Amino acid sequence: MQNSISENAPVVCVGELLIDFFCSEIDSNLIEGRKFLKSAGGAPANVCATIAKLGGNASFSGKVGRDPFGYFLEETLNSLNVDTSMLAWDEKTATTLAFVSLQEKGERDFVFHRGADAFMTMDDIDQNEINKAKIFHFGSATAMLTSPFREAYLSLISSAREKGKFISFDPNYRRDLWKERLVDFISIAKKAISLSDFVKVSEEELEIITGTKNHELGVDILHHIGARIVAVTLGKRGTLISNSSKKKLVKSIPVMSIDSTGAGDAFVGATLFKLSNIHDIKFIEKDFEQLLDIITFANRIGALVCTKIGAIEALPSIEEIEGSTI
């Protein structure tokens, strides 16, 4: 049964919802690993879950197969009070799967088996419901890969921009997905960035998209493309935040990392949770001090997620955050 927590959920996250099978044998690769734990995942779904876990209103728009994995994913989001009324079902294609092994220092080795999320079209999207959103987040690792989802994805971003919505974008680059198609990735990412208010990139993504290893120059290039606010996550060093006129490195929270899966998504979700509580969100670009407060909070959430295995399972509640020494 689908769950709708609000007639006007302020944040809609668009993209893939999938099953992560985590190898429970730490430091075993996918060749050697034999024991796997099933977990709900998918970058935009992780963002959505973070917002809901923190007490915000979030809706998910994506596609799963009508199979046991699809039902498990729906139940997982429902249990977190995520609005799943826009979840689409594919009657012919199985739910997308990803197999993940955890390497030394929390890094990952993973393989995708692409499924239903690839076949989402504009016909699967409830325009009346999606138009009620205050914020749109586009942060799919797979949505930009192939048609028909790629066209629907870019059409939604353009439509949201035309309607004056606040747009968040995270390119979520995965080398093993794009392989030799790097030029395509850069072109599509730039198109999305040109339409976005808030852009979050990793250090690697910044270099790939802008062609420079200089962080500040890379950020300036993203602003020139069209991004109003840019956050560059730099792992243990922190997050570089910029509103085009000011830049600052917000230091990270030191933790013993067990699994970095979903940490970037949790960072984005925490950021959007804070932004969704701002009445006139379009003016946040001008308030750099408030941006710094938001990023400091988001860094803390990302750090907490790294201390547990899983993406959605590792998400802290507000009560856990308040009781944490991190």
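Which residue's side chain meets that of Arg150 in a salt bridge? The partner is Glu151, with an N to O distance of 3.9 Å, where a salt bridge is taken as a side-chain nitrogen of Lys or Arg within 4 Å of a carboxyl oxygen of Asp or Glu. Glu151 has 40% relative accessibility and counts as partly exposed, given that buried means under 20% relative accessible area, exposed over 50% and partly exposed in between, with a 1.4 Å probe and protein chains only.

The model is predicted, so local features need pLDDT of at least 70 and side-chain atom pairs count only at pLDDT 80 or more, while totals for chains, interfaces and linings use all residues. Residues are numbered from 1 along each chain as its sequence is written, and side-chain values use heavy atoms, with hydrogens and water left out.

By the rule above, the count comes to 14 salt bridges, and three of them are set out here.

| Salt bridge | N to O distance |
|---|---|
| Arg150 and Glu151 | 3.9 Å |
| Asp197 and Arg228 | 2.7 Å |
| Glu203 and Arg237 | 2.5 Å |

Asp197 and Arg228 form a salt bridge; Asp197 lies in the loop between α6 (182-193) and β10, and Arg228 in the loop between α8 (215-225) and β11, so the pair ties together parts that are 31 residues apart in sequence. Both Asp197 and Arg228 are buried, and together with Lys282 and Glu285 they are linked in a network of salt bridges. In the pair of Glu203 and Arg237, Glu203 belongs to helix α7 and Arg237 to the loop between β11 and β12 (239-242), so parts 34 residues apart in sequence are tied together. Glu203 is partly exposed at a relative accessible area of 29%, and Arg237 is partly exposed at 44%.

Strands and helices are DSSP runs numbered from the N terminus (E, at least two residues, for strands; H or I, at least four, for helices), and two strands pair if DSSP finds at least two bridges between them.

Strand β10 pairs in the parallel sense with β9 (residues 166-169) over two bridges, and with β11 in the parallel sense over five bridges.
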